[in-house]
Amino acid sequence: MKVKTLGQFIIEKQTDFPFAKGELSRLLRDIGIAAKIVNREVNKAGLVEILGETGETNIQGERVKKLDVFANDQFIAALKAGGEVCAIASEENDEIIPIDSEISKNAKYVVAMDPLDGSSNIDVNVSVGTIFSIYRRTTLSGPGTIEDFMQRGTEQVAAGYIIYGSSCMLVYTTGKGVYGFTLDPSIGEFCLSHPLMQTKTAGNVYSVNEGNYLHFPEGVKKYIKYCQEEDKATNRPYSSRYIGSGVADIHRNLIVGGVYIYPTTTKSPNGKLRLLYECNPLAFIIEQAGGKATTGYKRIMEVPITELHQRTPLFLGSSDMVDKVMEFMTKYAEVKA
Ligand code: P6P
């Protein structure tokens with residue numbers, strides 16, 4: 001297949017948006033640049049201690065940063081330098097980061113992101129990811145404000161994730177299908193490898209941290225037992241696959257089919273994952289790939305957002321599987337966990 005880079009693809013698809021004058025294209029390019037830099041550091045994470053000096057500095061004399069802080073800094077720097085966003089919201093920052101610079105004074109977009117999701121897995125060499133969500137600003141001018149982020153997931157103009165795994169992939173949608181690009185380190189470019197990704201309507205993988213089973217809602221408990229029953233007609237029992245890194249679990253399920261569940265637990269009575277920069281972007285992608293994303297009762301992208309780091313339960317993946325677990329959630333809604 002002829003190699004098509006992310007940059008070439010974005011320009012080619014720009015005609016999908018007749019009114020866009022290239023800002024969104026440049027914004028996606030900026031994200032791709034930061035992703036390459038983060039991938040380089042994630043890939044040598046285990047080596048930093050060997051390569052760097054002992055203690056707080058590395059061989060370049062820079063302070064050795066935790067990778068999630070490093071990733072956060074890289075994405076913020078790339079987005080600021082690109083001039084297309086007026087504010088950023090990040091899992092790493094309690095408050096939004098308003099951008100008030102000459103090059104960003106006409107910026108039309110805001111970006112919400114989890115710069116390195118699952119970063120606790122870095123030390124054990126498990127794939128981690130970046131998740132991003134892009135909205136048009138709602139405020140009129142000047143630096144963005146928190147108001148620009150108080151938008152439902154249905155208002156997203158683009159969303160995506162980068163997975164730093166056995167290969168580095170960037171997967172994104174602008175509402176016209178899901179496209180996957182794989183980084184070719186030999187040329188330092190993301191190349192189109194998965195055009196128009198579609199997930200299966202019925203998969204046979206379920207991903208949930210069963211260590212929390214005792215305190216799951218009754219509907220989730222019943223669904224887990226359903227997954228474990230013998231029934232050839234519906235390919236059960238399903239396989240349980242849970243890496244503990246959401247981007248990795250969800251990327252696998254997107255490709256092979258499956259359902260990812262992070263319900264309410266005693267430790268996370270509103271769910272653990274964040275609505276703005278984890279659940280909404282992942283929901284946009286999975287819906288564009290033919291799947292579903294709900295709270296167990298309603299569509300994630302329609303959940304009203306009132307605070308930046310708002311949490312929500314997440315049931316995401318193959319549509320038939322999400323429908324089935326929602327059946328159980330509705331049937332057993334009254335049963336106290
Ligand atoms: P637990 C990582 O911290 C994360 O946000 C997701 O990427 C992952 O699926 C989940 O939390 C893991 O949480 O409680 O099962 O360890």
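The scale here is simple: buried is under 20% relative accessible area, exposed is over 50%, and partly exposed lies in between, with a 1.4 Å probe and protein chains only.

A word on what you are looking at. This is a predicted model, in which local features need pLDDT of at least 70 and side-chain atom pairs count only at pLDDT 80 or more, while totals for chains, interfaces and linings use all residues. Residues are numbered from 1 along each chain as its sequence is written, and side-chain values use heavy atoms, with hydrogens and water left out.

Back to Glu302, which sits in the loop between strand E12 (292-294) and strand E13 (314-317). Helices (H or I, at least four residues) and strands (E, at least two) are DSSP runs, numbered from the N terminus. Which residues does Glu302 touch, leaving aside its neighbours within four places in sequence? They are Arg152 and Thr154, where contact means heavy atoms within 4.5 Å. Glu155 lies 147 residues away along the chain from Glu302, and their C-alpha atoms are separated by 9.4 Å. The Glu302 side chain also has a polar contact with the side chain of Arg299, at 2.9 Å. By polar contact I mean a pair of N or O atoms within 3.5 Å; within protein, one must be able to donate a hydrogen and the other to accept it, and residues adjacent in sequence count only if both atoms are side-chain atoms.

Now for the helices. H2 (residues 23-43) packs with H4 (residues 67-82) at an angle of about 155°, and their axes are 9 Å apart. That angle makes H2 roughly antiparallel to H4, a label for angles over 145 degrees; under 35 is roughly parallel, 65 to 115 roughly perpendicular, and the rest oblique. Axes are lines fitted to C-alpha atoms, for helices over the stretch in contact, and angles run from 0 to 180 degrees between N-to-C directions. On the H2 side, the contact includes Leu27, Ile31 and Val38, and on the H4 side it includes Phe70, Phe75 and Leu79. The residues of this contact divide into 13 nonpolar, two polar and two charged. Here Ala, Val, Leu, Ile, Met, Phe, Trp, Tyr, Cys and Pro count as nonpolar, Asp, Glu, Lys and Arg as charged, and the others, Gly among them, as polar.

Also in H2 is Ser25. Buried or exposed? At 10% relative accessibility, Ser25 is buried. Its side chain makes a polar contact with that of Gln14, at 2.4 Å. Not counting residues up to four places away in sequence, Ser25 touches Ile10 and Gln14.

Next comes helix H5 (residues 218-228). Eight of its 11 residues are buried, so H5 is largely enclosed by the rest of the structure. Among the buried ones are Val220, Tyr223, Ile224 and Tyr226. Their cover includes strand E9 (205-207), strand E11 (259-262), E13 and helix H8 (319-331).

Let's finish with some backbone details. Most residues other than glycine have a negative phi, and most peptide bonds are trans. In the loop between H5 and strand E10 (239-240) we find Asn235, with a positive phi near 55°. Asn235 counts as exposed because its relative accessibility is 55%. Pro237 is in the loop between H5 and E10, and a cis peptide bond joins Arg236 to Pro237, with omega about 10°. Leu196 has a positive phi too, near 45°, and lies in the loop between strand E8 (189-194) and E9.
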